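The structure is shown first.

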Amino acid sequence: MDDAVDTSGTYLLTTDAVKWSIDALSSRRIHPHFLAYLQLHRRASIGPGEKLDPRWSELRPLIELPGGPPKKPNYRPLRWNVNSDRSTYWFNENLAGSFAPSSIRNTAGFLVEGKEYRLPADHAGQALEVLLYGRPVPAIAMGAYFLRNYGFNRTDSVPVAADIILGFRQWFRFDDDDEFALLFELGEPAVAFQWFGPEVVEANK
């Protein structure tokens, strides 16, 4: 998986794959603050230290989508109530405000201490219970949506479904096998479409 968008010689996820991922994610109860947890997990691995710097701007390329309501350029197909409509997927551009300690304390209090972010030793277990409601989420669906604009490289063949899971895992720095298996379903569903194509694709809202 390549960090650069529109990289020559790479494969991109197809529109069908992205549409499938949106449907798969929206059929589950996943609190939107799970996205904050993923980013804090990434940053804790990249910049370990006393103060956890979230760098919310790193999330922007993963969730920006054209065509949304005014002043709501971000789209995350995550909801804690599966009966709510898809308009709730759109949210504003102020990621720092949306994921501020005061904003996530009531739902993901294990991620904050006072006005600072933290990632406690038992973070995976708490994320499973509090943000995923006790049910692991399909890793391939997470990867197919959040990495939809990123290039995947393989020198020997076209990328396969397993590469989506690996790319997602690498992006958010899940090095611990047990931790990853606790939070995510690792299966590869049988689908009638191709996961990858040679051209850039855009998610269909």
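This is a predicted model: local features need pLDDT of at least 70, side-chain atom pairs count only at pLDDT 80 or more; totals for chains, interfaces and linings use all residues.

Helix H7 covers residues 139-146 and packs against H8 at an angle of about 80°, the two axes lying 8 Å apart. Angles of 65 to 115 degrees count as roughly perpendicular, and H7 and H8 are therefore roughly perpendicular to each other. On the H7 side, the contact is made by Ala139, Ile140, Met142, Gly143 and Ala144, which meet Ala161, Ile164, Ile165 and Phe168 of H8. By class, eight of these residues are nonpolar, one is polar and none is charged.

In soluble globular proteins, nonpolar side chains tend to be buried together. Beyond its neighbours within four places in sequence, Phe34 contacts Met142 and Phe184, as well as Ala127, Leu131, Leu132 and Val137.

Helix H8, residues 161-171, also contains Arg169. Polar atoms of the Arg169 side chain lie within reach of two backbone oxygens, as tabulated here.

| Backbone oxygen | Side chain | Distance |
|---|---|---|
| Phe174 | Arg169 | 2.6 Å |
| Asp175 | Arg169 | 3.4 Å |

Phe174 and Asp175 are also among the residues in contact with Arg169 when its neighbours within four places in sequence are left aside; the others are Asp176, Asp177 and Phe180.

Technical notes: Residues are numbered from 1 along each chain as its sequence is written. Side-chain values use heavy atoms; hydrogens and water are left out. Helices (H or I, at least four residues) and strands (E, at least two) are DSSP runs, numbered from the N terminus. A polar contact is a pair of N or O atoms within 3.5 Å; within protein, one must be able to donate a hydrogen and the other to accept it, and residues adjacent in sequence count only if both atoms are side-chain atoms. Contact means heavy atoms within 4.5 Å. Axes are lines fitted to C-alpha atoms, for helices over the stretch in contact, and angles run from 0 to 180 degrees between N-to-C directions. Angles under 35 degrees count as roughly parallel, over 145 as roughly antiparallel, 65 to 115 as roughly perpendicular and the rest as oblique. Ala, Val, Leu, Ile, Met, Phe, Trp, Tyr, Cys and Pro count as nonpolar, Asp, Glu, Lys and Arg as charged, and the others, Gly among them, as polar.
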